[in-house]
Amino acid sequence: MSLSEVEALARRVHATQTDKAGQPYTVHLAAVAEGVAARGGTDDQIAAAWLHDSVEDGVLTADWVEGAPLPRSVKDMVFAMTKRAGEAPEAYAARLLAVPSAVLVKEADIAHNADPRRLAVLDAPTRDRLTAKYARMRKLLGIG
C-alpha cells in the first residue's frame with residue numbers, strides 16, 4: 001500500500017470516531033502523522049502513525065494488518081503501539097522500546113495527546129490523569 005492509500009484507509013475506518021474532546025478522530029491521526037514527519041520520520045513511520053490506533057480501537061484486526069500489503073516495519077510499529085487490556089505501562093513501554101522506530105511514532109502521539117489546547121477542553125480530573133499518564137510514558141521511553 002502506498003502512503004496515500006494508508007491515509008485513505010485510516011480516514012475511512014476511523015471516520016465515525018471522535019476523541020475525548022468530541023473532535024473527529026482523524027484529526028488526531030493526521031496530527032500524529034504530521035508530528036512524525038516533522039521529527040524526520042520515514043514513510044513507514046508516517047504510515048504507522050496513520051494506523052497506530054486501528055487495532056486497539058477495533059477498526060482493523062491484527063490478522064488484517066498482518067495480511068495487509070504493508071512493509072514488515074509498519075506492521076511491527078502498529079503492533080508495538082497497540083495497547084493490550086490490563087497491560088502495565090512498563091510492559092507497554094518495553095514493547096515500544098523493542099521496536100525503536102515505534103518510539104518516534106509514540107512521541108508524536110503523546111505530543112498531540114498532551115497538547116494543552118486539547119487537554120483544556122477536558123474536565124480537570126481527566127486532564128490531570130492524562131497529563132500524569134503521558135509524563136510517565138515519556139519517562140519510561142526516555143523522551144522527556
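Mentor: Happy to! Let's begin with a term: a pocket is an open set of grid points with protein on both sides within 12 Å along at least five of seven lines, and its lining residues have an atom within 4 Å of a point. Keep in mind that this is a predicted model.

Trainee: Which helix gives the largest share?

Mentor: That's helix 9, with four residues.

Trainee: How much space lies in the largest pocket, then?

Mentor: About 400 Å³. It is lined by 23 residues, and the closest to its centre are Lys 20, Tyr 25, Asp 53, Asn 113 and Tyr 134. The elements giving two or more residues to the lining are helix 2 (25-38), helix 7 (100-113), helix 8 (116-119) and helix 9 (124-141).

Trainee: What about the nonpolar, polar and charged residues in the lining of the largest pocket?

Mentor: That lining has eight nonpolar, five polar and 10 charged residues.

Trainee: Changing topic: how many salt bridges does a search of the whole structure find?

Mentor: Nine. One of them joins Arg 39 and Glu 107, whose closest N and O atoms are 3.7 Å apart.

Trainee: Why does the Arg 39 and Glu 107 pair tie together parts that are 68 residues apart in sequence?

Mentor: Because Arg 39 sits in the loop between helix 2 and helix 3 (43-51), while Glu 107 belongs to helix 7.

Trainee: Which residue meets Glu 90 in a salt bridge?

Mentor: Arg 136, with an N to O distance of 2.2 Å. This pair links distant parts of the chain, since Glu 90 is in helix 6 and Arg 136 is in helix 9, 46 residues apart. Glu 90 is partly exposed, with a relative accessible area of 38%, and Arg 136 counts as partly exposed at 41% relative accessibility.

Trainee: Where are Lys 106 and Asp 109, and how many residues apart are they?

Mentor: They are in helix 7, three residues apart, so about one helical turn separates them. As background, an α-helix has 3.6 residues a turn, so residues three or four places apart point the same way.

Trainee: Now the buried parts. How many residues of helix 3 are buried?

Mentor: Seven of its nine, so helix 3 is mostly covered, buried meaning under 20% relative accessible area. The buried residues are Gln 45, Ile 46, Ala 47, Ala 48, Ala 49, Trp 50 and Leu 51.

Trainee: What do those buried residues pack against?

Mentor: Helix 1, helix 2, helix 5 (72-81) and helix 7. Take Ala 48, which is in helix 3 and is buried, with a relative accessible area of 1%. Leaving aside neighbours within four places in sequence, Ala 48 is in contact with Val 74, Met 77, Val 78 and Val 105.

Trainee: How far apart are Ala 48 and Val 74 in space?

Mentor: They are 5.3 Å apart, C-alpha to C-alpha, although 26 residues apart in sequence.

Trainee: One last thing: where does Gln 17 lie?

Mentor: In the loop between helix 1 (3-13) and helix 2. The side chains of Gln 17 and His 14 are joined by a polar contact of 2.3 Å. Not counting residues up to four places away in sequence, Gln 17 touches Gln 23, Pro 24, Tyr 25, Asp 57 and Val 59.

Notes. Residues are numbered from 1 along each chain as its sequence is written. This is a predicted model: local features need pLDDT of at least 70, side-chain atom pairs count only at pLDDT 80 or more; totals for chains, interfaces and linings use all residues. Side-chain values use heavy atoms; hydrogens and water are left out. On a 1 Å grid over the protein atoms alone, a cavity is a set of points where a 1.4 Å probe fits but cannot get out, and a pocket is an open set with protein on both sides within 12 Å along at least five of seven lines; lining residues have an atom within 4 Å of a point. Grid points are joined across faces, edges and corners, and a volume is the space filled by probe spheres set on the points. Ala, Val, Leu, Ile, Met, Phe, Trp, Tyr, Cys and Pro count as nonpolar, Asp, Glu, Lys and Arg as charged, and the others, Gly among them, as polar. A salt bridge is a side-chain nitrogen of Lys or Arg within 4 Å of a carboxyl oxygen of Asp or Glu. Buried means under 20% relative accessible area, exposed over 50%, partly exposed in between (1.4 Å probe, protein chains only). A polar contact is a pair of N or O atoms within 3.5 Å; within protein, one must be able to donate a hydrogen and the other to accept it, and residues adjacent in sequence count only if both atoms are side-chain atoms. Contact means heavy atoms within 4.5 Å.
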